[in-house]
Amino acid sequence: MLRPPPQLTVSAWAEQHRILGSRASSEPGPWRTSRTPYLRDVMDALSAVHPARRIVFMKGAQVGATEAGNNWLGYILHHVPAPVLAVQPTVELAKRFSRQRIDPLLEETPALRERVAPARARDSGNTMLSKEFPGGILVLTGANSAVGLRSMPARFLFLDEVDAYPGDIEGEGDPIALAEARARTFGWRRKAFLVSTPTIAGRSRIEREYAASDQRRYFLPCPQCGAMQWLKFERLIWEKGDPRSVRYHCEDCDTPIEEHHKTAMLAAGEWRATAEAENPHTIGFHISALYSPVGWLSWEQIARDWEAAQGKAEDLKTFRNTVLGETWQDRGEAPDWERLVERREDFQLGIVAQDALVLTAGVDVQDDRLECDIWAWAEGYSSWLVDHIVIAGSPRERAPWDALAELLARDWPRAGGGAMRIAKACVDTGGRDTAAVYGHLRRLRDPRIAPTKGVDGWNRAQPVQGPTPVDALVDGRKLRRGLKLWTVSVSTWKVDLYRRLWLGRGEAAEFPPGWVHLPQGIEVEWVKQLVAEQLHQVKDRRGFIRQEWAKLRDRNEALDCAVLARAALWLLGADRYGERFWHRLREDIANAPVESQAVETAVPVAPPNTEPPPVMRRPGWLAPRGGWLR
C-alpha cells in the first residue's frame, strides 16, 4: 500500500496492457508501438512523469493519433487516476466517440475492464458521457456545450479535432480556453493534449497552437546516404499518369527511395525541434500521412489522390488538410478588375444563358436605394450575370419594395426560347433601417424572399444558418416572431467567389466549371465593386494571427449582391443535393413549354399593393381524425 506506483510511460503501459479489438482497429491484437514508432515520443510526453503540460499534435489522416490518445486515457484510468475531460467538436460526436472508441477500450483491455463497472449495473457510474473509476472520472462532452465544458475540474484534458470547434460557445468564449480553465487548480500536475487535422490558414486553432510550440518534426535517415530529413510532399516524385512509379527522393543525394524502406526508416527516426517554444512547458508535433506505416495509406495512393484532386479546389483543400496535415491557404487577394473587364463576353444583359438552369438574386439595402443583381447558375456553379438593377427610394418607404415585388414576378427571356423566373432572393436586412426592412418583407410575404443578416462566420458549421424568428413591425403593429431571418457567412462565399474569379482557361476551348461569365454591357464601376475587398491577416489581442476582409474601395455593393445570390442558391439545396438538384432542374426545363411560359421554379408572388388572397381549405380540415394520437 505504501509502495509508490511504477514510473510507467504511456507507451510502456500500452505495450503491456492495451489490446486492440476488431471494432476499432484494422489490426486487432496487442498494441505494438513498433508499428508506429513516431507515436512513442508523443505518448511519452503525455506521461505523468514528463514535464510538458501542453502537447500539441497537428497531423494528417491515417497516422494513429486517436489511438495514441486512447492509450493515454487507458493509462490514466489504470495508472494515474484523476478527473479527465475529453472534448469532441459536438455532443453527438462525443456520444459516437464513447460508443466506438471508449467502450471497446474498456471492454477489450483486461486491465481496464475491472476498473469500470458494466453499464448495465445499477448505479455503476458508467453512462454514455461519464465513466467513473476508482480515484477519478472520465467525462465526455462537446465543444458546442458550455455547460459540459465548465461542469467539473479536470487534471487531464483530451481536446480532439480542435479545428472543428465553434469560435464562441454560447457567448462564453473560446471552448479551448473554457476547457483549460477547468485544469488550473491542478497547477503543474495538469496536462492537455490538443489534436487535430488542420483546416484554413489563419483560422486553424491547431496551426496556431503548433506555431507557439517548439515545432517538432520526425526526421528519418536516407537508406542510401544516411542523411536525416523530414518527409516533404515535394520530394515525392512520379511520372504523370503513372502513380505506381512513385518514389521519394532524398534531399541530400537525390536517390529514389522505394516505400518498402519506410519500415526501417521509421524505426530509426527521431523527433527534432525546429523552433523555440514561447512556453517551455508546451511541445508540438507535426506529421503527415507520408509517414503512414506500410499497409495503411501508401505513397501510390497519395499520388493517385493528388492527381484526382487537380482542378478541384475543394479536393485540393481536403488533400492538403487530411493527407499533408497542412493548412489550406484561401486565395483572398482580389483579382485584377482590369482583367475581368477584358474578359467580358458578348451576351446581352437581361437575357438568361441557354445553359443556365436556375436564377437567384441578391438584394443589398442602401439608405436611398435597393441594389439587385440577378445571377443564373448551372452545374459546377458556373454563373452568368443576368442583370443589375437599381431601385431608387428609401427602404423605409413602400414604393421600392413594391418595385422589388414586381421584379420578382417578372419573366426573364432565355436564349433559345422560353423564360425563367427568380427562384430565390436573399435580401440583406442590415443597416440603419432594419426594423423597416423587416416590416416590408413581412408585408410582401413572398416565400422566395429570404431575409438575411451577414456575419464573418469563419468557424460556423454551415455557411447559411437558420431561420431564426424575429419581430416585425407592419403598419405600426408589432408582430412577434413575424419574420424568419437567415444568417449568412459572408466570408465563406467571398472566398468561393474569388476562387471562381481566379479560374483560368489556358488553351482550353471550354470554360472550366465555376466560371463567372460577365456581359459586355456591364459597367466598369460594377466590376470594380465586385472585387472591392481583400483578405488580410491581422493579429488579435493575444498575438494570434486571424483573417479579416478589408475594403479596397468605398463601394462594394456588387460583391455583397453576389454573395447573397450564392447564399440563395445554397438555400435552394444546390450544395446539399448535388447532382440530384441539377438533374431535377434539367428535367423541369426540358418539360416546360417553349413558347412564352416561364419555367416555374418558384411560387408566384401576390400583386403589389394588395392583400394576399385568403387561404382556401377543403371542408372538414379541422374535423377530428380518429386514431391520430396513436
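I am working from a predicted model, where local features need pLDDT of at least 70, side-chain atom pairs count only at pLDDT 80 or more, and totals for chains, interfaces and linings use all residues. Residues are numbered from 1 along each chain as its sequence is written, and side-chain values use heavy atoms, with hydrogens and water left out.

**Cores.** I started with the nonpolar cores, meaning sets of buried Ala, Val, Leu, Ile, Met, Phe, Trp, Tyr and Cys residues joined through side-chain atoms within 4.5 Å. Buried is under 20% relative accessible area, exposed is over 50%, and partly exposed is in between, with a 1.4 Å probe and protein chains only. The largest core has 78 residues, and the ones with the most contacts inside it are Leu-359, Ile-374, Trp-375, Trp-401, Trp-412, Trp-526 and Trp-582. H17 supplies the largest share of this core, 11 residues. Another core, of 68 residues, lies apart from it, with Tyr-38, Tyr-218, Phe-233 and Trp-271 among its members.

**Trp-401.** I listed what Trp-401 touches, with contact meaning heavy atoms within 4.5 Å. Not counting residues up to four places away in sequence, Trp-401 touches Val-365, Leu-370, Pro-395, Val-427, Val-437, His-440, Leu-441, Arg-443 and Leu-444.

**H15 on H17.** Helices (H or I, at least four residues) and strands (E, at least two) are DSSP runs, numbered from the N terminus. How do helix H15 and helix H17 pack? H15 (residues 490-501) and H17 (residues 557-572) pack at an angle of about 100°, with their axes 9 Å apart. That makes H15 roughly perpendicular to H17. For these values, axes are lines fitted to C-alpha atoms, for helices over the stretch in contact, and angles run from 0 to 180 degrees between N-to-C directions. Under 35 degrees counts as roughly parallel, over 145 as roughly antiparallel, 65 to 115 as roughly perpendicular and the rest as oblique. On the H15 side I find Val-490, Trp-493, Lys-494, Asp-496, Leu-497 and Tyr-498, and on the H17 side Leu-559, Ala-562, Val-563, Arg-566, Ala-567 and Trp-570. The contact residues split into nine nonpolar, no polar and three charged. Here Ala, Val, Leu, Ile, Met, Phe, Trp, Tyr, Cys and Pro are nonpolar, Asp, Glu, Lys and Arg are charged, and the others, Gly among them, are polar.

**Thr-452.** Is Thr-452 buried or exposed? It is buried, with a relative accessible area of 1%, and sits in strand E22 (residues 449-455). Setting aside neighbours within four places in sequence, Thr-452 has contacts that include Cys-426, Asp-428, Trp-486 and Leu-564.

**Leu-407.** Leu-407, in helix H13 (residues 399-408), counts as buried at 8% relative accessibility. Beyond four places in sequence, its contacts are Cys-372, Ile-389, Trp-412 and Ile-422. The C-alpha atoms of Leu-407 and Ile-422 are separated by 8.9 Å, with the two residues 15 apart along the chain.

**Aromatics.** My search of the whole structure turned up 19 aromatic pairs. Rings of Phe, Tyr and Trp (its six-membered ring) pair if their centres lie within 6.5 Å; planes under 30 degrees apart are stacked, over 60 edge-to-face and the rest tilted. Phe-97 and Phe-158 have ring centres 6.3 Å apart and planes at 70°, so the pair is edge-to-face. Phe-97 lies in helix H4 (residues 91-108) and Phe-158 in strand E7 (residues 156-160), so the pair ties together parts 61 residues apart in sequence. Both Phe-97 and Phe-158 are buried. Phe-233 and Phe-319 are edge-to-face too, with centres 5.3 Å apart and planes at 65°. I also noted one aromatic cluster formed by Tyr-38, Phe-57, Tyr-218, Trp-271, Phe-285 and Tyr-291.

**Backbone.** Most residues other than glycine have a negative phi, and most peptide bonds are trans. Which peptide bond is cis? The bond from Gly-466 to Pro-467 is, with omega near 5°, and Pro-467 lies in strand E23 (residues 464-474). Gln-62 has a positive phi of about 60° and is partly exposed at 47% relative accessible area. Asp-254 has a positive phi near 60° and is partly exposed at 45%.
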